[in-house]
Amino acid sequence: MADNTRRKPMSESELSAAYTKASYEFANTSGWRELLSLADDFRLLDTYKDSPQMVLKCIKGASAPAYREITTSFEGRDDVTVEEYREAARVMGLISDYMDARELMRVYTVRANILTYEMATDILSNSETDTEAMGRAVEMLRTIKTFRNSRDLLERFEKHYFDTVYREALHLLENGKVYTEFDEAAEMFEKISVYSDAKEQAAICRKRANQLRPKTKKAKPEKAAAKTGDQATRVKPTRRKQENTEARQKKPKDETVSGVLEVWRDIDKRKFAQFLLWLALFVGAIVFSIQINKITMTWIMANADLIRMLCVIAAGLSAVMGTRAFLQMLTASMRKKLAKAALAFGQKLAKPFVKAVTKLLASIGIDITRRRRLGGRDEKSIVHTETETVKKKKKRLKNELKWVEQTSNSARVRFIFIDYMIHRIKNGYKMRYSMTTAEIGKEIAIEPEEQELFRVYQMARYSGGRADDEISDAKVNELRVINLKKGSAS
């Protein structure tokens with residue numbers, strides 16, 4: 001794809017070469033992705049020859065197949081990702097003049113925002129979310145600042161995220177012993193460089209890491225040979241040196257060995273020796289307690305139970321002290337990673353048990369799950385999950401808008417449409433959140449007056465400020481009567 005960031009003016013020869021290449025590719029290209037890429041190439045040529053007309057030709061040639069492929073690929077799918085929706089919205093924006101591509105661009109953008117919002121709030125509402133996951137959620141909210149209450153959530157959780165990362169990095173800085181810990185602290189401070197004095201703290205961490213980093217030995221300069229004239233020739237290494245050098249270069253690097261060496265370099269050697277000593281004592285106590293019955297000494301046979309009890313106590317004590325020495329020999333970052341791995345392993349083991357208990361309690365009418373809350377209030381929507389009962393669905397349905405608060409005809413039409421959809425859902429209509437307004441209309445707008453309601457609603461939603469001039473007061477009253485009739489009928 002063309003590099004749209006390049007703005008350096010091209011010479012006449014460069015323009016001619018680029019135009020000739022793009023024209024040749026246009027004549028031999030049929031794929032819509034290639035055509036859109038060529039549109040960017042022609043756009044970079046500005047007004048050279050018929051480049052503007054070629055841009056339009058590329059977009060026109062790509063419009064129908066792009067529209068068809070994207071809309072077809074999304075039909076009946078519930079697993080569309082955020083990236084797919086973003087890319088589809090981008091393409092629909094490029095072919096915005098084709099059919100309802102402009103409307104689909106808005107729809108796909110909204111769906112991508114919904115998925116991003118849901119993923120971010122799922123992470124932030126989980127009490128077991130770690131700092132790394134919280135950072136991903138904050139980045140998601142930054143991409144949808146204007147969607148729903150994303151700005152409020154971002155302001156709240158971004159500060160909490162910055163505080164958490166800052167505390168963890170500061171702990172590494174104050175308690176670090178090896179250069180890798182200071183490097184990690186510097187990276188954490190650099191992630192939140194705009195927060196407080198994080199930038200200055202990152203520089204301090206880099207400085208300490210460089211002070212502790214092992215010094216690399218400088219290569220010895222080769223001996224100079226006898227000079228002839230003003231030019232100096234270097235002595236060639238002997239054949240054996242050449243073979244040794246080639247053998248070292250050809251020898252593959254074992255990443256596992258290098259990882260073990262790096263861990264060995266970072267751990268506390270004195271604590272490691274203590275750990276081995278306690279481990280040997282633990283193994284010896286266990287083995288001695290097992291083999292005690294085979295010893296034929298009279299005193300040991302007479303006091304076997306007491307000795308066995310002392311061996312068990314010694315094994316327990318050595319296990320505790322050995323574990324303590326093992327944790328102390330690790331660096332702070334190693335202990336943190338080990339704790340995360342142990343927690344994940346424990347959760348994996350406990351998950352089937354928790355699931356079984358939850359299912360057992362649910363079978364006798366006890367629901368231990370709790371409704372997810374954000375900032376003390378529930379997120380409401382007219383979209384429902386498949387597991388909700390009809391009674392719960394009806395209870396959740398409520399139009400929080402007020403008719404007297406609507407200041408324009410387009411806003412009044414949106415109010416009427418929401419009220420109409422609430423009536424239909426209360427009467428059993430199952431609406432999937434992935435459906436567009438046009439798809440909903442095809443399913444439920446059977447009568448002409450209902451079709452008119454959907455048509456005017458789409459105008460009010462997607463036409464911006466122009467809709468207020470096109471929608472008259474009489475039309476609003478007509479739609480309101482339709483909605484009241486449908487509501488009374490239901």
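Modeller: Start with Glu190, which is partly exposed, at a relative accessible area of 40%. The labels have cut-offs: buried is under 20% relative accessible area, exposed is over 50%, and partly exposed lies in between, using a 1.4 Å probe and protein chains only. This is a predicted model, where local features need pLDDT of at least 70, side-chain atom pairs count only at pLDDT 80 or more, and totals for chains, interfaces and linings use all residues. Residues are numbered from 1 along each chain as its sequence is written, and side-chain values use heavy atoms, leaving out hydrogens and water.

Biologist: Which residue forms a salt bridge with Glu190?

Modeller: First, the general idea. A salt bridge is a side-chain nitrogen of Lys or Arg within 4 Å of a carboxyl oxygen of Asp or Glu. Here, Glu190 pairs with Arg206, with the closest N and O atoms 3.2 Å apart. Glu190 sits in helix α8 (residues 179-191) and Arg206 in helix α9 (residues 198-212), so the pair ties together parts 16 residues apart in sequence. Helices are DSSP runs of H or I, at least four residues, numbered from the N terminus. Arg206 is partly exposed, at 29% relative accessibility.

Biologist: Which residues are linked with Glu190 and Arg206 in a network of salt bridges?

Modeller: Asp183 and Arg213 are linked with them in that network.

Biologist: How many salt bridges does the count come to?

Modeller: The count is 16 salt bridges. One of them joins Asp305 and Arg308, at 3.3 Å from N to O. These two are three residues apart in helix α14 (residues 304-329), about one helical turn. Asp305 is exposed, at 62%.
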